[in-house]
Amino acid sequence: MTNNFNINDYTLWTALVTPLDQHGDVDYNTLTKLVSDQEAAHNGILLLGSTGEGLALTLNEQQAIVEHVCQLKPSVPLMVAVGGSNLKQQIEWVNYCNTLPIHSFLLGSPLYAKPGAVGQTHWFESLLDASAHPCMLYNVPGRSGVSIPVQTVTNLQNHKKLWALKEASGDIAQFEAYRQAAPNLALFSGDDALMPYFAQAGAKGLVSVAANAWPAQTHEFVKRSLSGQHPNLFAQWTSAIDSLFAVANPIPVKVLMHLQGRLSSPQLRPPLTHLELTQTDCITTANNTILSWH
C-alpha cells in the first residue's frame with residue numbers, strides 16, 4: 001500500500017502548517033502546493049503536529065487532510081501526528097491512519113494529565129502496539145506539561161515499532177539522557193535553533209518549523225550541521241529562528257508565508273491569531289537573510 005521509503009534516509013521532516021482561507025476553512029489547493037514545495041526540497045512531511053494546529057481541527061478535517069495528501073502520492077514519506085489525552089480515541093486514530101498510505105507516526109506524550117513513567121509507558125506501548133508503521137516519540141514538555149521520563153524510553157527501547165524520538169525540551173542534557181538510555185534510537189532535534197548543538201551530540205536530524213518557510217535552505221542547513229559545516233551560518237540562522245518564535249508557533253511562520261505569497265491567508269484556529277504578531281520587521285529581515293543563501 002505504501003511506497004518503499006527508507007525513513008532513515010530523511011534527516012529533515014517539515015512539521016507542515018495547515019493552510020486556512022480567510023474564513024478559517026482548510027485551503028486544500030494551497031496544501032497541495034505546500035506538499036509540492038517539500039517534495040522539491042526532499043523533506044519528509046509531518047501532518048497535524050502542533051505546527052499544523054492538529055488539535056484545533058475537527059476529526060473530519062484531520063481525516064480529510066491526511067487523505068488529501070495521501071492522494072497526492074508525494075515522492076517523500078509522510079508522518080502523521082498522534083496527540084491528545086484520550087488513549088482510546090488515539091488508538092482509533094492510529095487504526096484509521098493504518099489504512100492509508102502513510103509511513104510513520106509521531107506519538108505525542110499525553111496532554112494535561114502529567115502521568116509518570118508507568119502511565120507514559122502504558123500510553124506509548126498501547127499506541128506502538130496499534131501502529132502498523134515505525135513511530136517517533138515526541139518529548140515536548142512545554143506543550144504537554146510533562147517530559148517523557150528516561151525510564152519510559154528505557155522500557156520501550158526494544159519495541160519493534162519504536163524508531164525515533166523528537167526531543168523538543170530545549171535541554172541538551174535531556175537529549176544526552178535519552179541517547180544513553182536508548183543508544184539505538186534515532187534522536188531528532190525538535191528545536192530549529194538547536195540543530196547544530198544536537199548534531200554534535202549525535203542527532204540524526206531535525207523536525208522543523210522553519211522548513212515551511214525555507215524548505216531548501218533548511219534542508220541545506222541540516223545537511224551542513226550534520227557534517228559539521230555550519231559555523232559560518234550559525235549566527236544568521238539563530239537570529240532568523242528567533243524571529244519565528246517571537247510569539248506562539250505557528251503564528252510567525254504563517255504570517256511570513258503569507259507575506260511570501262505562499263499562504264492565501266495568515267489565519268489560525270482560535271485561540272491562536274495572527275494579530276498577536278504586531279510587527280513583521282524581524283521575520284521580513286530573517287526571510288531576506290535566509291533566502292540569500294540560495
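**Entry 1: A177**

I looked up A177 and found it in helix α7 (residues 172-181). I took helices as DSSP runs of H or I with at least four residues and strands as runs of E with at least two, numbered from the N terminus. The model I am reading is predicted, so I noted that local features need pLDDT of at least 70, that side-chain atom pairs count only at pLDDT 80 or more, and that totals for chains, interfaces and linings use all residues. Residues are numbered from 1 along each chain as its sequence is written, and side-chain values use heavy atoms, with hydrogens and water left out.

A177 is partly exposed because its relative accessible area is 26%. My cut-offs are these: buried is under 20% relative accessible area, exposed is over 50%, and partly exposed is in between, with a 1.4 Å probe and protein chains only. I then checked A177 against P149: the two are 28 residues apart in sequence and 9.7 Å apart in space, C-alpha to C-alpha.

**Entry 2: V76**

Is V76 buried or exposed? V76 counts as buried, because its relative accessibility is 1%. I listed what V76 touches, leaving out residues up to four places away in sequence: F5, Y10, Q38, E39, H42, N43, G44, I45 and H103. Contact here means heavy atoms within 4.5 Å. I also took the separation of V76 and A181, which are 105 residues apart in sequence and 30 Å apart in space, C-alpha to C-alpha.

I looked for positive phi values. K73 is in the loop between α2 and β3 (78-82). Phi of K73 is near 50 degrees, which is positive in a residue other than glycine. K73 counts as exposed because its relative accessibility is 70%.

Y112 is in the loop between β4 and α4. Y112 is not a glycine, yet its phi is positive, at about 75 degrees. With a relative accessible area of 77%, Y112 is exposed.

**Entry 3: S109**

I stayed with the loop between β4 (104-108) and α4 (117-130), where S109 lies. S109 counts as buried, because its relative accessibility is 3%. Which side chain does the side chain of S109 make a polar contact with? The partner is the side chain of S144, at 3.1 Å. A polar contact is a pair of N or O atoms within 3.5 Å; within protein, one must be able to donate a hydrogen and the other to accept it, and residues adjacent in sequence count only if both atoms are side-chain atoms. Not counting residues up to four places away in sequence, S109 touches G84, Q120, W123, F124, Y138, S144, V146 and I148.

**Entry 4: helix α1 and its partners**

I checked how α1 packs. The axes of helix α1 (residues 28-41) and helix α2 (residues 59-71) come within 10 Å and cross at roughly 45 degrees. That makes α1 oblique to α2. For the angles I used axes fitted to C-alpha atoms, for helices over the stretch in contact, and values from 0 to 180 degrees between N-to-C directions. Under 35 degrees counts as roughly parallel, over 145 as roughly antiparallel, 65 to 115 as roughly perpendicular, and the rest as oblique.

I found that Y28, L31, T32 and V35 in α1 meet E61, A64, I65, H68 and V69 in α2. By class, this contact has six nonpolar, two polar and one charged residues. Ala, Val, Leu, Ile, Met, Phe, Trp, Tyr, Cys and Pro count as nonpolar, Asp, Glu, Lys and Arg as charged, and the others, Gly among them, as polar.

α1 also packs with helix α9 (residues 215-227), at an angle of about 35 degrees and with the axes 8 Å apart. Here D37, Q38 and A41 in α1 meet P215, A216 and H219 in α9. I sorted that contact into three nonpolar, two polar and one charged residues.

α11 and α12 pack at about 65 degrees, with their axes 10 Å apart. P252, V255, L256 and L259 in α11 meet I283, T284 and N287 in α12. The residues of this contact divide into five nonpolar, two polar and no charged.

I then looked up two peptide bonds. A cis bond joins N249 and P250, with omega about 10 degrees; P250 is in the loop between α10 (231-244) and α11 (251-259). Another cis bond joins P270 and P271, with omega about 10 degrees. P271 sits in the loop between α11 and α12 (281-291).
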